[in-house]
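Dear colleague,

I am handing over the structure we spoke about, and below it you will find an account of what came out of the analysis. Please read the notes with the coordinates open beside them.

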Amino acid sequence: MKSILVIGLGRFGRHLCRKFMSLGNEVMIVDRDEAAVSELANEVTGAQIADCTDEAVLRQLGVHNFDICFVCIGSDFASSLLITSMLRDLGAQRIISKASQDIHARLLLRNGADEVAYPERDSAERMATRLSAQNVFDYIELTDEYSIYEIPPLPGWAGRSVREIDVRNKHHLNILAIKTGDELRPMPGADYRFTGEEHVLALASKEDARKLLRKI
């Protein structure tokens, strides 16, 4: 369980709060919009109506006590930058700030953010990748080069084991899990035999994934 501070309750901030709570974390929310805070107040650990561009508000919150501080302000970049900088000065352990443009991301990283989140861009890129590539059920980008792909097995895999297929050497991918319906089987052993009906969660470079997907 982690303690999370979420500043700003736009769409991204609200989804973030609800997901962290569903995973069993403690979440404190802050926004100057009373209606936004009231909407979520009964779902989170703590809630406060306040303007976090006021350093006294951040001091009162004790930001250094939270495992992660999220700055989810998308419409007012000046406020986002100011709050990010003050969080760093006040000793916040980890700061993740929302960005909508590359220039904003660079400024946030230079002024206190440990990481930036691009929710709209990341969602759009993920959808575009999934829909433009045939047979990709889901996709998670890890780095500029490597991603996790949820794909069907190749036609020739049915009835054969992971060892027999030798996917690591032949296709340069690592099988992380096998998904059958709602059941997930992490790290299948070398003796696992494909039925042809399952989904494969595989870690691969984008180039190796493209080569593999042409064969499906």
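Leu-142 is partly exposed, with a relative accessible area of 47%. Please keep in mind throughout that this is a predicted model. Leu-142 sits in the loop between strand 7 (138-141) and strand 8 (146-151), and together with Ile-140 and Tyr-146 it makes a nonpolar surface patch of about 280 Å². If neighbours within four places in sequence are left aside, the residues in contact with Leu-142 are Ser-147, Ile-148 and Leu-203. Ser-205 is 63 residues away from Leu-142 in sequence, yet the two C-alpha atoms are 9.9 Å apart in space.

**Salt bridges**

Side chains of opposite charge can pair when their charged atoms come close. With a cut-off of 4 Å between a side-chain nitrogen of Lys or Arg and a carboxyl oxygen of Asp or Glu, the count comes to 11 salt bridges. One of them joins the side chains of Arg-32 and Asp-51, with an N to O distance of 3.6 Å. Because Arg-32 lies in the loop between strand 2 (26-31) and helix 2 (34-40), while Asp-51 lies in the loop between strand 3 (46-49) and helix 3 (55-61), this pair ties together parts that are 19 residues apart in sequence. Arg-32 counts as exposed, at 54% relative accessibility, whereas Asp-51 is partly exposed, with a relative accessible area of 31%.

A salt bridge is also found between Glu-55 and Arg-59, whose closest N and O atoms are 2.8 Å apart. Here both partners belong to helix 3 and are four residues apart, which is about one turn of the helix. Glu-55 is partly exposed at 34% relative accessibility, and Arg-59 is exposed, with a relative accessible area of 55%.

The side chains of Asp-191 and Arg-163 meet in another salt bridge, at 2.5 Å from N to O. Asp-191 is in the loop between strand 10 (183-186) and strand 11 (199-205) and Arg-163 is in helix 7 (residues 162-165), so that this pair ties together parts that are 28 residues apart in sequence. Both ends count as exposed, Asp-191 at 57% relative accessibility and Arg-163 at 52%.

**Cysteines**

How many disulfides does the structure hold? The number is zero. For Cys-52, the closest cysteine sulfur is that of Cys-69, and at 9.6 Å it is too far for a bond, given that a disulfide requires the two sulfur atoms to be within 2.5 Å. Cys-52 counts as buried, at 4% relative accessibility. Cys-72 is likewise in no disulfide, the nearest cysteine sulfur, in Cys-17, being 7.1 Å away, and Cys-72 is buried, with a relative accessible area of 4%.

**Helix 4**

The buried residues in helix 4 are Phe-77, Ser-79, Ser-80, Ile-83, Thr-84, Met-86 and Leu-87. The elements that cover the buried residues of helix 4 include strand 1 (3-7), helix 3, strand 4 (68-71), strand 5 (95-98) and helix 5 (102-110). After helix 4 comes Gly-91, which has a positive phi, near 90 degrees.

**Backbone points to check**

Where are non-glycine residues with a positive phi found? His-172, although not a glycine, has a positive phi of about 60 degrees, and its place is the loop between helix 8 (167-171) and strand 9 (173-180). Met-187, which is not a glycine either, has a positive phi of about 45 degrees and is found in the loop between strand 10 and strand 11. At 59% relative accessibility, Met-187 counts as exposed.

With kind regards

Note on methods. Residues numbered from 1 in each chain as written. Predicted model: local features only at pLDDT ≥ 70, side-chain atom pairs only at ≥ 80, totals over all residues. Heavy atoms only, no water. Helix = DSSP H or I, 4+ residues; strand = E, 2+ residues; numbered from the N terminus. Buried < 20%, exposed > 50% of the residue type's maximum accessible area, 1.4 Å probe, protein only. Patch = residues over 30% accessible without salt bridge, like charges linked within 9 Å, V, L, I, M, F, W, Y side chains within 5 Å. Areas by Shrake-Rupley, 256 points an atom, 1.4 Å probe, with all protein chains shown as cover. Contact = heavy atoms within 4.5 Å.
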